[in-house]
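Work through the exercises below with the structure in view. Each task is followed by a solution in steps.

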2 protein chains.
Amino acid sequence: MGATKTHIFSIPQNELAQAAKVLAHPARIAILDYISKQENCICTDLVDVIGLAQPTISQHLNEIKKIGLLKGTFEGKNLCYCINKEKWTELQFFFNSFFSNINQNCC
Amino acid sequence: MGATKTHIFSIPQNELAQAAKVLAHPARIAILDYISKQENCICTDLVDVIGLAQPTISQHLNEIKKIGLLKGTFEGKNLCYCINKEKWTELQFFFNSFFSNINQNCC
DNA sequence: ATATATCATCGTAATATTGCAATATTAAAA
DNA sequence: TTTTAATATTGCAATATTACGATGATATAT
C-alpha cells in the first residue's frame, strides 16, 4: 500500500503523469520559467533567483534533468545548460494531445 | 521543513503547479481519459474501468473536482458528471502558454 | 419500512516528496 | 599544490500522497 500502482495503467498514461509530476512543484515551474526566458545558457545563480537552499535547487534540477528537459554540460564547476527544445516541444505536444481529446457535450 | 514553500512563488506558478499535480498520477489521467471520451455523462462504473478500490477512486475524483475539472450532479446514489469544458480549455491554455514561453537557442 | 446499490468519509499503513545542514566532489584560480 | 567557488550527495526530519478496509450516508427498488 502507499505506492502508485503504475502497472495497471498504460505507458502513455504513465508518461504523461510522469511529465506532469515534474511540473507539479512551483519551484520547478519557476526554474523552467527562468531558464526558458534566458537568452543564453544558464551558468549558476539559480539559488539566488529562486530562493531555496542550494541542495534543494540541485534536487529540483535533477528531477527536471531526469525527463530530459535540460541539455548542456553538467560537469565541472560552472555548469552550462538550457532547455532541451526537442523534449520541450514533445511535452507541449503530449499535453496538448491530452487536452484535445475531448468528446462530449452534456450535463 | 517538508512542506512546499508556496509563498515564495508567484500565483501563476503555484496555479500551474497545482494543475500539474492533478495530472501527476496515472489513475487521474486514466479517469480523465475515460470521462473525456464518453459521449454522455458518467454514472458509476469507474471502479471497474480503472481497477483501484472504490475509496481510492473516490479520492482521485475529489482531487480532480477540487480544481473544477468536473461538473454535474454529485449527490445521490448515481452521480452524473462530466468534464467541465471551460476549465478544461483554460488548463489547456495555461499549459500551452507555459510551453510557448521559450526564448533561446543555445548549447 | 427494509434491503440494496452506490458513493463518501475515516482511520491507518506504506511510500514519496520536500527541504536543509553537513559534507563531498569537482575544476579552475592563485 | 593549495585555495576557492560552485554543484552534488548524504542523511534526516517534516509533510504529503497513495491505497484500502471498515463504516457511514443517501437514494432508489422491493
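Predicted model: local features only at pLDDT ≥ 70, side-chain atom pairs only at ≥ 80, totals over all residues.

## Exercise 1: A helix pair

Task: At what angle do the axes of H2 and H4 of chain B cross, and which residues meet there?

Solution. Step one is the geometry. Helix H2 of chain B covers residues 26-37 and helix H4 of chain B covers residues 54-66; their axes come within 10 Å and cross at roughly 75°. H2(B) and H4(B) are therefore roughly perpendicular to each other, since angles of 65 to 115 degrees are put in that class.

Step two is the contact. From H2(B) come B:Ala27, B:Arg28, B:Ile31 and B:Leu32, which meet B:His60, B:Leu61, B:Glu63 and B:Ile64 of H4(B). Sorted by class, this contact holds 5 nonpolar, 1 polar and 2 charged residues.

## Exercise 2: The layout of chain A

Task: How many helices and strands does chain A have, and in which pattern do they follow one another?

Solution. Chain A has 5 helices and 2 strands. Along the sequence the pattern is α-α-α-α-β-β-α. Of the 107 residues in chain A, 30% are buried. Among contacts in chain A with a separation of 6 or more, 49% join residues 24 or more positions apart.

## Exercise 3: Two copies

Task: Which rotation superposes chain B on chain A?

Solution. A rotation of 180°, with 0.0 Å of shift along its axis, brings chain B onto chain A with an RMSD of 0.0 Å. The two copies are thus related as by a two-fold rotation axis. In chain B, the C-alpha nearest this axis belongs to B:Ala20, 2.5 Å from it.

Task: How many residues of chain B are in contact with chain A, and which elements of chain B contribute two or more?

Solution. On the side of chain B, 45 residues are in contact with 45 residues of chain A. The elements of chain B giving two or more residues are helix H1 (11-23), H2, strand S1 (70-73), strand S2 (80-83) and helix H5 (85-100). This side of chain B divides into 23 nonpolar, 15 polar and 7 charged residues. Since 100% of the interface residues of chain B are also interface residues in chain A, the copies meet through the same surface.

Task: Which residues have the most contacts inside the largest nonpolar core?

Solution. This core has 52 residues, and those with the most contacts inside it are A:Ala20, A:Leu23, A:Ile31, B:Ala20, B:Leu23 and B:Ile31. Beyond its neighbours within four places in sequence, B:Ala20 is in contact with A:Ala20, A:Leu23 and A:Ala24.

Notes:
Residues numbered from 1 in each chain as written. Chains lettered and ligands numbered in written order. Least-squares fit on C-alpha atoms with pLDDT ≥ 70 in both. Contact = placed C-beta atoms within 7 Å. Axes fitted to C-alpha atoms, helices over the stretch in contact; angles between N-to-C directions. Helix = DSSP H or I, 4+ residues; strand = E, 2+ residues; numbered from the N terminus. Parallel < 35°, antiparallel > 145°, perpendicular 65-115°, else oblique. Nonpolar A, V, L, I, M, F, W, Y, C, P; charged D, E, K, R; others polar. Buried ≥ 20, exposed ≤ 12 C-beta atoms within 10 Å, placed from the backbone. Core = buried A, V, L, I, M, F, W, Y, C linked by C-beta atoms within 7 Å.
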